[in-house]
Amino acid sequence: MKKKKQLVRLVLCALFAALIVVMTFTPYLGYITVGIIEITTLHMVVIFGACLLGAKYGAILGGVWGLTCIARAFQFGIIPFQNPMVSLVPRIIVGFVAGLIFFGLSKTKCKKPIALSLSALLGTLTNTVLVLSSLQLFGGFQVLFGDAAKTLDVIIATLISTNGLIELIGAVLLVPALYMATHKYIKDKI
């Protein structure tokens, strides 16, 4: 029985990974671009998968997201996101943190919808904070733009913060709804 559950978890992880790949390269699905603002929905897939499958699978899904982010950065010439320290590492941590928080809260008397909302909230904040920090540390703006880098940093921080708020609201609303709608059908299988 344990091997069957492990197989089901592995298959679900593969399905989530495939969904991340499809969403990344389908316009206006994984990344919604409006002018210079780009909002991602991929964090919700990673956080949902992490809550459903656990921190280990969350880290794997975050890794898939990070790798597709790097591929997309090369496709569109987005230089800062070609760096794995900006695109890959933060996304792995997002999946791990979301799964860890959800399963940690699930062992307490915390109600599932609240645990899911907190996992989505903290997972999204983890993404926003780590990506902003990584862009600052590893983005290479000083090398590319010299003195204008500080102005560019402020513009990017403002845009990503705006995106982060929208992404946060979406995750806090959608992750618990998706989990509650699907978990009752697969809880005995995972």
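Biologist: At roughly what angle do the axes of helix 3 and helix 5 cross?
Modeller: Helix 3 covers residues 55–76 and helix 5 covers residues 89–106; helices (H or I, at least four residues) and strands (E, at least two) are DSSP runs, numbered from the N terminus. Axes are lines fitted to C-alpha atoms, for helices over the stretch in contact, with angles from 0 to 180 degrees between N-to-C directions. These two axes come within 6 Å and cross at roughly 155°.

Biologist: What kind of model is this?
Modeller: Residues are numbered from 1 along each chain as its sequence is written, and side-chain values use heavy atoms, leaving out hydrogens and water. Local features need pLDDT of at least 70, side-chain atom pairs count only at pLDDT 80 or more, and totals for chains, interfaces and linings use all residues, as the model is predicted.

Biologist: Are helix 3 and helix 5 roughly parallel or antiparallel?
Modeller: Angles under 35 degrees count as roughly parallel, over 145 as roughly antiparallel, 65 to 115 as roughly perpendicular and the rest as oblique. The crossing is at roughly 155°, so helix 3 and helix 5 are roughly antiparallel.

Biologist: Which residues of helix 5 make the contact?
Modeller: Contact means heavy atoms within 4.5 Å. Helix 3 brings Ala55, Gly58, Ala59, Gly62, Gly63, Trp65, Gly66 and Cys69. Helix 5 brings Arg91, Ile92, Val94, Gly95, Phe96, Gly99 and Leu100.

Biologist: Which residue stands opposite Thr33?
Modeller: Strands pair if DSSP finds at least two bridges between them. Strand 1 (residues 31–34) and strand 2 (residues 37–40) run antiparallel and are joined by four bridges. They form a hairpin with two residues between them, and Gly35 in the turn has a positive phi of about 65°. In strand 2, the residue opposite Thr33 is Glu38.

Biologist: Is Ile39 buried or exposed?
Modeller: Ile39 belongs to strand 2. Leaving aside residues up to four places away in sequence, Ile39 touches Gly30, Tyr31, Ile32, Asn163, Ile166 and Glu167. Buried means under 20% relative accessible area, exposed over 50%, partly exposed in between (1.4 Å probe, protein chains only). Ile39 has 14% relative accessibility, so it counts as buried.

Biologist: What is the relative accessible area of Tyr28?
Modeller: Tyr28 lies in the loop between helix 1 and strand 1. Most residues other than glycine have a negative phi. Tyr28 is not a glycine, yet its phi is positive, about 60°. Tyr28 is exposed, with a relative accessible area of 57%.
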